[in-house]
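Here is a short tour of one protein structure. Have the sequence and the 3D view open as you read.

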Amino acid sequence: MSPIKQTILVTGGCGYIGSHTVLRLLESGYKVIVVDNLSNSSFEALRRVHELYTRVAPKDESPASLTTEQLIPFYQVDVLDRSSLIKVFASHPEISAVIHFAGRKAVGESSHIPLDYYNVNISGTVNLLQVMDEFHVRKIVFSSSATVYGDPPVIPIPETSPIVASMSPYGRTKVFLEHIIKDLCTASVVKHQRYVKECEAANKSVEHNYEWSAMLLRYFNPAGAHPSGIMGEDPQGIPNNLMPFLAQVAVGNLEKLSVFGDDYPTRDGTCIRDYLHVLDLAQGHVAALAKMDTNHTAGLFGCKAYNLGTGTGCTVLDMVRAFNRAVGRELPYVITGRRAGDVPNLTADPSLANKELEWKAEKSLDEMCTDLWRWQRTHPNGYSPAQNQ
Ligand code: WQD
């Protein structure tokens with residue numbers, strides 16, 4: 001008999017990182033429930049997850065005979081909508097942990113509509129945490145970002161580098177949320193101790209554990225797509241990020257790349273980032289969940305931050321060259337001025353995640369580019385069916 005599978009609720013599970021993580025979770029033997037408001041994502045991503053999982057699922061599971069929603073229960077719910085979230089948790093008492101991706105993520109846009117960012121990212125997360133607490137689900141893996149480091153004093157960046165609240169409103173939401181989650185974990189220890197004492201005084205058995213566990217995963221720059229070519233990033237409108245922008249140039253939807261500044265103190269003057277394959281990032285979430293379980297078995301709770309990156313920095317021009325190799329031709333670019341808020345170098349020191357999560361980014365830059373190109377050339381319009389080949 002197969003062991004009972006743990007059920008993970010994934011918010012934002014239809015998005016780019018979310019959908020790849022849902023697939024890795026299924027492949028790793030978890031059951032998954034998805035909550036997503038579809039504001040910047042598509043249910044089609046879950047259909048693709050279903051299709052890909054069908055190819056590798058154990059024989060006794062036969063997911064091909066299920067609908068996507070039977071395999072992955074899906075709720076089109078906004079994390080701000082408390083009563084709907086309550087209904088999801090009430091319908092699924094089997095949920096043991098949450099991976100929380102849902103939120104707004106465009107750095108530039110966040111400066112124009114900061115209240116939307118604070119509302120969705122902060123109020124939405126607080127809402128989710130409160131509902132989780134009510135339902136005694138106190139394990140969370142949270143999508144943080146390398147942006148919390150601001151302009152770090154030391155490269156590669158260790159987790160002990162100060163986190164600063166001086167970048168975009170988007171970046172600040174990640175910093176504040178890390179503090180909020182840390183505070184919750186700290187307070188929960190005291191709450192649990194008090195509860196245990198009350199139980200002892202009343203000669204009652206201890207039924208709950210009020211202690212929280214949280215993994216704050218600081219993502220560097222995710223890139224690439226599923227190697228099958230049927231799942232990838234589907235940004236709405238003109239992409240803000242380098243790799244999806246380059247992919248749109250390659251497919252002919254955009255004319256040329258603007259390289260934002262070549263006067264940084266780096267080897268070729270363009271900014272250095274640590275790009276990691278989205279499937280490696282997805283695996284980082286599975287590793288974080290497993291680590292929370294091991295910690296629980298050892299009676300360890302609390303909050304821990306991990307860098308998810310490769311430890312290797314690439315300049316913008318390195319990335320252009322790598323993507324040119326994948327596409328087989330030279331893509332046009334121009335050097336323009338710096339983009340506000342960019343810092344010269346964000347390269348991870350991933351040694352803590354390597355050691356404690358037993359996780360390491362395995363895929364190369366060329367795999368990231370080849371996989372991205374396979375997805376983009378067959379899906380020039382992402383998941384929207386119009387004009388795709
Ligand atoms: C990478 C490099 C740009 C576009 C942001 C967020 C981070 C995470 C990922 C989450 C920079 C340069 C870019 C272009 C360019 N967010 N560039 N021309 O800014 O490192 O990180 O996205 O969802 O939290 O901060 O990523 O891909 O935008 O930029 O020259 O058209 O490419 O200046 O040096 P960034 P990016």
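## A proline in a loop

P158 counts as partly exposed, at 23% relative accessibility. The classes run as follows: buried is under 20% relative accessible area, exposed is over 50%, and partly exposed is in between (1.4 Å probe, protein chains only). This is a predicted model, where local features need pLDDT of at least 70, side-chain atom pairs count only at pLDDT 80 or more, and totals for chains, interfaces and linings use all residues. Residues are numbered from 1 along each chain as its sequence is written, and side-chain values use heavy atoms, with hydrogens and water left out.

P158 sits in the loop between β5 (139-145) and α7. Helices (H or I, at least four residues) and strands (E, at least two) are DSSP runs, numbered from the N terminus. Leaving aside neighbours within four places in sequence, P158 is in contact with Y149, N307 and D349. Contact means heavy atoms within 4.5 Å. T336 is 178 residues from P158 along the chain, and their C-alpha atoms are separated by 31 Å.

## Salt bridges

Side chains of opposite charge can pair when their charged atoms come close. A salt bridge here is a side-chain nitrogen of Lys or Arg within 4 Å of a carboxyl oxygen of Asp or Glu. The whole structure holds 23 of these salt bridges. The table gives examples.

| Pair | N to O distance | Relative accessible area |
|---|---|---|
| R55 and E51 | 3.1 Å | R55 53%, E51 39% |
| R104 and E109 | 3.3 Å | R104 28%, E109 31% |
| D366 and R325 | 3.1 Å | D366 37%, R325 53% |

D366 lies in helix α12 (residues 365-378) and R325 in helix α10 (residues 316-327), so this pair ties together parts that are 41 residues apart in sequence. Salt bridges that share partners also join E44, R47 and R48 into one network. R55 and E51 are both in helix α2 (residues 44-56); they are four residues apart, so about one helical turn separates them.

## A buried charge

Which side chain of opposite charge is nearest to E211? It is R138, 9.3 Å away. E211 is buried yet has no salt bridge. For this search, Lys and Arg count as positive and Asp and Glu as negative, while His and the chain ends are not counted. E211 is found in the loop between α7 (169-201) and β6 (213-219). Not counting residues up to four places away in sequence, E211 touches R138, S188, V189, H192 and F301.

## Empty space

Rolling a probe the size of a water molecule over the atoms shows where empty space is left. On a 1 Å grid over the protein atoms alone, a cavity is a set of points where a 1.4 Å probe fits but cannot get out. A pocket is an open set with protein on both sides within 12 Å along at least five of seven lines. Lining residues have an atom within 4 Å of a point. Grid points are joined across faces, edges and corners, and a volume is the space filled by probe spheres set on the points.

The count comes to one cavity of 30 Å³ or more. The largest cavity has a volume of about 50 Å³. Its lining includes H100, F142 and K174. α6 (114-134) and α7 each supply at least two lining residues.

The second largest pocket has a volume of about 240 Å³. It is lined by 16 residues, of which K5, L26, K31, Q70 and L71 lie nearest its centre. β2 gives the most to this lining, with three residues.
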